[in-house]
Amino acid sequence: MRSEFLQTSIEYLKGVGPNRAELLRKELHINTFQDLLNLFPNRYIDRTHYYKIKDLQPSSADVQIIGTIKQLETVGQRSGKRLAATFQDETGMIELVWFRGVKWLRESIKMNMPYVVFGRLKWFNNKFNIAHPEMELLSEHNKSLRSAMQPIYPSTEKLTNRNVTNRVISAIVQNLFLETKGEFSETLPEWMCTELRLLSKKDSLFNIHFPKSQELLARAQFRLKFEELFYIQLQLIRKNLIRKTKIKGFPFSQVGEKFHAFYNDHLPFELTDAQKRVMKEIRADLGSNAQMNRLLQGDVGSGKTIIALMSMLIALDNGFQACLMAPTEILSVQHYNNLRSYCNKLNISIKLLTGSTITSERKKIHESLENGELNIIIGTHALLEDRVKFQNLGLAIIDEQHRFGVAQRSKLWHKNVSPPHILIMTATPIPRTLAMSVYGDLDISVIDELPPGRKPVKTVHRYDNNRLKVFRFMKDEIAKGRQIYVVYPLIQESETMDYKDLMDGYASIDREFPKPQYQVSIVHGKMKSADKDYEMQRFVNGETQIMVATTVIEVGVDVPNASVMVIESAERFGLSQLHQLRGRVGRGADQSFCILMTGHKLSNDGRTRIETMVKTTDGFEIAEVDLKLRGPGDLMGTQQSGVLNLKIANLIKDKDILAQARYYAKKVLNEDPKLERQNNITILDTYAKLVKYRNIWNYIG
Ligand code: ADP
Ligand code: MG
C-alpha cells in the first residue's frame, strides 16, 4: 500500500462520511486512514467461547450466546418503560432489555433469526438478563473479519452518545482493511526483523485489530511497541549526534586559575564521590568540541550548587561569561548569596537580576554584561528578556528545569551566535525510563549520594485529632533551638478555601505559640514580594522559630537549623512535592522530622503517597511510585512534550522494550550515522515519513 494513500482523509472511508469524520477528528484526533490504522485497542474481550443458556451462572460476567428472539414487547410505564425480548437457544431462555433506542430496535430486530448476543449478564427478578447487548446476525458474525479476541477501542462519551460505538469503530477499521487488502509496507529493516524475530508490519497491524490468537496478539503488540519506541529513540539520539558533530561548542580547553584557586583554597568540604564523578563528566563535555547539553539529577541536598559554581569557573577560566537561572526570586537570591561569598574571594564579578531589580541597577547590569565586565549573572526569567545581551556567554545553567518550558530553554540557547554549553539541574529524580524518553537527547549525570553525616529525615503520619501532641513536639524541638516549617497546600482551583485554611492555621499556631516567647513568620503568594523576603529573611536569621507557608518554600531555600517539617493536608500534595518539601529539613547535623498531617478519610492514592513517604527517603524510589500513580503525562508537566502520547507502548510496563529499542537505535546510528546503507533504507524512508506527516514528536531544535 502506498503510504500517500494512507494519508487520505478519513471522511472518504466507507462507513464514515463527513459527520462521523468530524466526530472522529474532534474526539480521537483521527484525520486520515493512517490515524485510524494506528488507533490501537486498549484491551480485548475474549469471545472464543459461546455459552449455552443452561450453563450460565450468576457469577458469569460477559457472555456470548447464539440463539433467536422469540418475543418482543414494550413493558413498563414512563421512565420505567423498556423494550424486552425473550432470547432462546436449545437449552433455555433469558431476557434482553433496552431502555434507549426502543423505536429503532423494534423496527430492525429480526424475529426467529439466529443472532449472536454479547453482554454483561445480570440476575434480576429471578431470571437472567442482558441490558443493551451487542447483537449481530449469526450470518454476519461468521463473515466478519473480527476474531475471537474482540478489540475495545478508545472512546469518549460523545462518541458513544452519537452512536459511534465500539462496534461502529470495529466496522470501519474492517472497511479500512478491506479497502487496503491489508497490504502495508514494512517499516523496519529485514535484518532487524530477523534478528528480533519480529512479526511483519502487515501481520502486526492485522493481529492488533483482529487477533487470531493470544500468541499472535502478543507478538503484534511487541513489534508495534518496539517500532514506536525505536523511532522515538532514533530521533532523540540523532539530534544528540547532530549536536555533537555539527553544533560546535566553545571548547574550554583549559581548566585554569580560578578553578584551581577555588578547588585548592576555598572548597568548604570534600566533594562526595558522586560529585567528583559528575564534575569529571562535565569537564569532559566542556573540553570537547561539541556543545554540552547535560541534565544533572540530584536529590534535594545532594550538593548541586557547588557543581554549578565549579562549572562556571571553568567557563570563566576560558574567557567566557556564565549564567545561572532559577525559577523563583527566592531561589535565585539564595543562589546569589551562596555564590557571592566565593566569588568575592576569587575576584570574580557576579550580579543578580530578577523582576524586582530596580531600573538603574538593571541598566548597569545590562551594560556590564554586554561589555564583558560582568562574569556571572544569576537570576530568574528576567534573564530571558531580549534586552539581556551577553558579550560571550559560554555556559548557561538552569536550576529546577521542569519549571521552565522547553521553549524557554531554547531562548537562552539563542542568546549567542554559537550556543552556550547547557547544564540543567533538577532535584526531581526522574526514573530512568522516563529520562531516557523525555531527555533522550540530553546526556545525563546523577549525584546519587548525599554529603556525609546526613541523618535520614524521620517521617511520621499523624491524624488531625492528634494535633495537640504535634504542638507539644514542636515546642520541645524549639526548646532545643530548632526551627520549624508548617506548610499548607495551595491548589489553584480551591484557592480561596486554601487561603482560609492557611490563615486559620496561622491564627491557631499564633495562639498556641504566643509572643514574646515564640515568633512566627508567614509567607504566601498574595504577599508583596518585599514582605515575603522580609519574613523569609527573619526565619533564615533565626529570629522566628516557625515559618507558616504555602508551597512557596517548596523549592530551594536552605535553613540548616530547620529540623521539623509539618505538612498540613498532606494527602493533597503530590509525591514529588512532598519529597521536595521534606528535603527542606535534614540539612544540618541534627535529627530532623517530617510530620504528615491528614484527616481520617484518605483516598487509596492518598494513602499510598503517605505510606511511601513514611517508608522511604529515596527520591528515585519515590519517583517510581509517583510515575505509577500519576502516569508519565502528569509528571513534571511533561505532557506538552508529546513524546509521552505514545500510541501503544507504555513507559512503565515496557521498560525492557524501551531499553532494547534504545540499544538498536544507538547501534544503527553508530554504524550508519546518515542511514546511507542499503540495509537501512527502510529506516531512512520510514523516518522521513514520520517526520513529514508529523507522526513523530519534534523535539526542540
Ligand atoms: P541541592 O542539590 O539541593 O541544590 P545544595 O547544593 O544546596 O543542594 O547543597 C545542600 C547543602 O549541602 C549545602 O549546605 C551545601 O553546602 C552542602 N554540601 C554540598 N556538598 C557537600 C559535601 N560534599 N560535603 C558536605 N556538605 C556539602
Ligand atoms: Mg539547589
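Predicted model: local features only at pLDDT ≥ 70, side-chain atom pairs only at ≥ 80, totals over all residues.
How far does a backbone N or O atom of serine 302 lie from an oxygen atom of ligand 1?

**Entry 1: the ligand**

I found the answer quickly: the distance is 3.5 Å. Lysine 304 was my next stop, and there an N or O atom of the side chain sits 2.7 Å from an oxygen atom of ligand 1. I then turned to a nitrogen atom of the ligand and saw that a polar backbone atom of glutamate 270 is 2.9 Å away from it. Taken alone, ligand 1 exposes 560 Å², and the protein buries 78% of that.

**Entry 2: stepping back**

Next I wanted the overall picture. The protein chain has 701 residues, and buried ones make up 52% of them. I listed 24 helices and 21 strands. The C-alpha atoms fill a box of roughly 95 × 70 × 45 Å along the principal axes.

**Entry 3: the cysteines**

How many disulfides does the count come to? I got zero. I checked cysteine 323 to see the reason. Cysteine 323 is buried, with a relative accessible area of 0%. I looked at cysteine 594 too, and it is also buried, at 0%.

**Entry 4: asparagine 293**

Is asparagine 293 buried or exposed? Its relative accessible area is 4%, so I marked it as buried. I placed this asparagine in strand E9, which runs over residues 293-298. Its side chain makes a polar contact of 3.4 Å with the side chain of glutamine 291.

**Entry 5: aspartate 558**

I found aspartate 558 in the loop between strand E19 (546-549) and strand E20 (562-567). With a relative accessible area of 28%, aspartate 558 is partly exposed. I then compared sequence with space: aspartate 558 and arginine 584 are 26 residues apart in the chain, and their C-alpha atoms are 6.7 Å apart.

A reminder to myself first: most residues other than glycine have a negative phi, and most peptide bonds are trans.

Lysine 181 has a positive phi, near 55°. I located lysine 181 in the loop between helix H6 (166-180) and helix H7 (190-195), and it is exposed, with a relative accessible area of 67%.

Arginine 197 has a positive phi as well, near 50°. This arginine lies in the loop between H7 and helix H8 (201-209). Arginine 197 is exposed too, at 64% relative accessible area.

Which residues does a cis peptide bond join? I found lysine 515 and proline 516, with omega at about -5°. Proline 516 belongs to the loop between helix H18 (495-512) and strand E18 (520-523).

Terms used
Residues numbered from 1 in each chain as written. Chains lettered and ligands numbered in written order. Heavy atoms only, no water. Polar contact = N/O pair within 3.5 Å; in protein donor to acceptor, adjacent residues only side chain to side chain. Areas by Shrake-Rupley, 256 points an atom, 1.4 Å probe, with all protein chains shown as cover. Helix = DSSP H or I, 4+ residues; strand = E, 2+ residues; numbered from the N terminus. Buried < 20%, exposed > 50% of the residue type's maximum accessible area, 1.4 Å probe, protein only. Disulfide = S-S within 2.5 Å.
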